[in-house]
Amino acid sequence: MELDPVFLSRLQFAWVVAWHILPYALLFGLSSWRFALAGSRRSTEREIYLRISMFWIKIFSVSFGMGVVSGVIMPFQFGTNWSRFSDATADILGPLLAYEGLTAFFLEAAFLGVLLFGRKLVPPWAHFTAALMVAFGTLFSSFWILAANSWMQTPAGYELIDGRFLPRDWIEIIFNPSFPYRLAHTVVAFYVTTAFAVVAVAAWLLRRGRFFAEASIMMSMTLWLLSVLVPLQIFIGDLHGLNTREHQPAKLAAVEAHWETARGVPLVLFAVPDEENETNHLAIEVPYLGSLILAHSLDGEIKGLKDFPREDRPPVAIPFLSFRLMVGIGVLMLAVVVASWWLRYRDRLFDSPWFLRACMMMAPLSFVAVLAGWTTTEVGRQPWTVYGLMRTADSVPPSLTGGEVLVSLLGYMAVYLIIFPAGIMVMAKLVRKGPDTIESDSPIESGRPDRPTRVQFQSDGEQP
Amino acid sequence: MNPVLDFVPIWTLILGLGIFFYVLLDGFDLGVGMLHGLAPDTGSRNLIMNSIAPVWDGNETWLVLGGVGLLAAFPLAFAIIIPALYFPILVMLLALVFRGVAFEFRFRDAPHRTFWDHGFCYGSAVATFAQGVMLGAFIQGFEIDGRHFAGTTFDFISPFSLMTGIALVFGYGLLGAGWLILKTEAEIQAAARRHGKICLVGVLLAVLIVSVWTPLQHAEIADRWFSWPNIALLAPVPIATALAAFGTWRALSGTSEAGTFIGAAILFTLSYIGIAISLWPMIVPYHYTLWEAASSPKTQAFLLVGTLFLLPVILVYTGWSYWVFRGKVRGDIGYHH
């Protein structure tokens, strides 16, 4: 079998990005979660918020380590495997990625040392600023990366000269048509994912009857938050869908597995799409619901895949199924949130075993939802790297062979399969230990036992 | 194009500084990583690790800045050099991943501490060697067809690039030793002085070999250094190198605590300037100049606006975080309060 460098490069990119998104989603949410706790502590002056905060900062620091090391890999992928894409688009995407590096990565990385190790070495306001900068850093990072990603999906503000994309209007480039929706959808997804991780940990502690005070606060706070975020996310997702219909009709047709352009189309709940024969097997459909959801009217027109030449169509099965996986998990999330309202009303939020079990299951599922959503949008963009303008097949270096990519892909797989399970194990160990009461009294700030300090160690600063 | 405002020199300077900061900063912590492997016991290993724990990830982000800076300012160079170095880059990245997670895991995953210790030390060594190989391959130049790399996978391997790989191991080792002399005391410091001397000898040998080898291989480089009046104008570079080497040796032998690090930094600066003089104005050696590989003025201008504001801020707070963690690291503080 001939090894295809394009397909293997896509696989490699998917592999390294997927493992970057997961810790990133968690550290993104946790940096804001720590703020909610700091705020609560300031207004109530209760110690318990600090204990919860100290507990999560340890998990934060592990996920940060994983996020940083998997992030260093990313910019080099554009060169090693996508050099022709880089040569063509760098005039536009280069500055966006560079701004990401400048504003975000540095804010995070340079202030993190102070945030993790320096609570007793710097005045409280400086430590607070460091924490704020880390949170801002993660937000800026998403802003620039998603601007670049959205430009690949819905390019705007460019001129195409000699096969190279040159900038014409930076505002149009950054705020391209799909960017606001993608940014909102992703940021809320990261918050929802993190919130479910917090809920799951709280549920686990409650089921074991440990640290009731801490766990019940974690659970209550985050379920309130989710009561807002989950419905909001469904609303934003719907807007994002309308945007896709307008700008990337072929992607929408693939996501919905619609072959014929028609009005009043049904919603395909499940099917096995057959790309060869341009049809679906075993389809379960709800009449008119497709048009109602996708176009917000019963006879709204939805373009079918047959309107696009075969070579311009994305794969159908993957985005179709990954989208259903994401939406399905979203519905489960909503069910958990609604159940929490009822249980809260009945005062049974912390002691219903079935509910706690459901909460624990939602944590891994919410990470799966992030990956499923991302798979939908990226596979749905195929066969283009710059939608409608530059093909994925024309984006890899001419010198690259399938064998080389296979070796590098196996290398990334081997290393990631050692370090990520190790990271998850370490986090599980931290969770099992629970919010320890002792550590808030010691000078250990990040949970690293041997902390670097000055010889003249004068501890005062913020009172624990 | 815009004949009045030429951003290329500014971007050359910014990127040059960025890469230099990376080499200096991650250089010392990669060097510390390698010396970590020579430490005799867990206590001193913990201490050595702690001397760089708060700063290493900040240091490593200069690598990202170098990468995306090259992409944004000189995309043609990025699109040729990076695929040409496919495997050294892969090996470097995987090694950096291992050493990066080792910081967190050796404390939190105590049952496998030895594994992560090895990951840290070998990861540092392999990443350093890979960077040295890349430097050598870069100086030797790549086979190019139009706007693409046209060579094959293993073009990067040559006696010269293997030599520069080993040279950089000694170089980062020297920087690491300088850092440890600055940050530690007693036995660890004494060991760092011993290791530093070995590294300094290695570095000087390497500088000598490169200085003879490069002009022999490339007539244009020989011409640049040895023609009149260049030979007189450029003479300060080798002379300053000899002086810096002498000063570093004195610092290693005496009681100076900052001397070794400063001396090593000066040696790196001079070597860096030496390479820049040899290759100027090429960014893809012997094929494309900085101006030919540059992105559009509009791109360079857009990024420059933010960079001129952000870069000083970054430098200030990088300096601040070093200031916060200044002084010696001590192993006995941590559990007791």
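Predicted model: local features only at pLDDT ≥ 70, side-chain atom pairs only at ≥ 80, totals over all residues.
1. Strand 4 (residues 267–274) and strand 5 (residues 279–286) of chain A run antiparallel and are joined by six bridges. Four residues lie between the two strands, and in that turn A:Glu278 has a positive phi of about 55°.

2. On confidence, the complex gets an ipTM of 0.89 and a pTM of 0.89 from the predictor. Chain B has an average pLDDT of 88, with 97% of its residues scoring at least 70. The stretch to flag is residues 332–337 of chain B, where pLDDT stays under 50. The model still gives that stretch nine contacts beyond four places in sequence.

3. Now the overall build of chain B. You'll find 14 helices and four strands in chain B. Its C-alpha trace spans about 65 × 40 × 40 Å along the principal axes. The radius of gyration is 21 Å, which agrees with the value near 20 Å for a compact globule because that is what 337 residues would give. Of those 337 residues, 51% count as buried. Take the chain B contacts between residues at least 6 apart in sequence: 75% of them join residues at least 24 apart.

4. Which residues have the most contacts inside the largest nonpolar core? They are A:Val199, A:Ala200, A:Ala202, B:Ala77 and B:Leu93, in a core of 241 residues. Helix 6 (residues 179–207) of chain A gives the most to this core, with 19 residues. For a local look, pick B:Ala77: leaving aside residues up to four places away in sequence, B:Ala77 touches B:Leu70, B:Ile283, B:Val284, B:Tyr288 and B:Ala293. As background, nonpolar side chains tend to be buried together in soluble globular proteins.

5. Last, the contact between the chains. It takes 71 residues from chain B and 67 residues from chain A. Several elements of chain B each supply at least two residues to the side that touches chain A, among them helix 2 (42–50), helix 3 (56–73), strand 2 (148–149) and helix 14 (297–324). Helix 5 of chain B makes the largest share of that side, 15 residues. By class, the side of chain B that touches chain A has 39 nonpolar, 22 polar and 10 charged residues.

Note on methods:
Residues numbered from 1 in each chain as written. Chains lettered and ligands numbered in written order. Core = buried A, V, L, I, M, F, W, Y, C linked by C-beta atoms within 7 Å. Buried ≥ 20, exposed ≤ 12 C-beta atoms within 10 Å, placed from the backbone. Contact = placed C-beta atoms within 7 Å. Nonpolar A, V, L, I, M, F, W, Y, C, P; charged D, E, K, R; others polar. Rg over C-alpha atoms; globule rule 2.2 N^0.38 Å. pLDDT = per-residue confidence, 0-100. Pairing = 2+ DSSP bridges.
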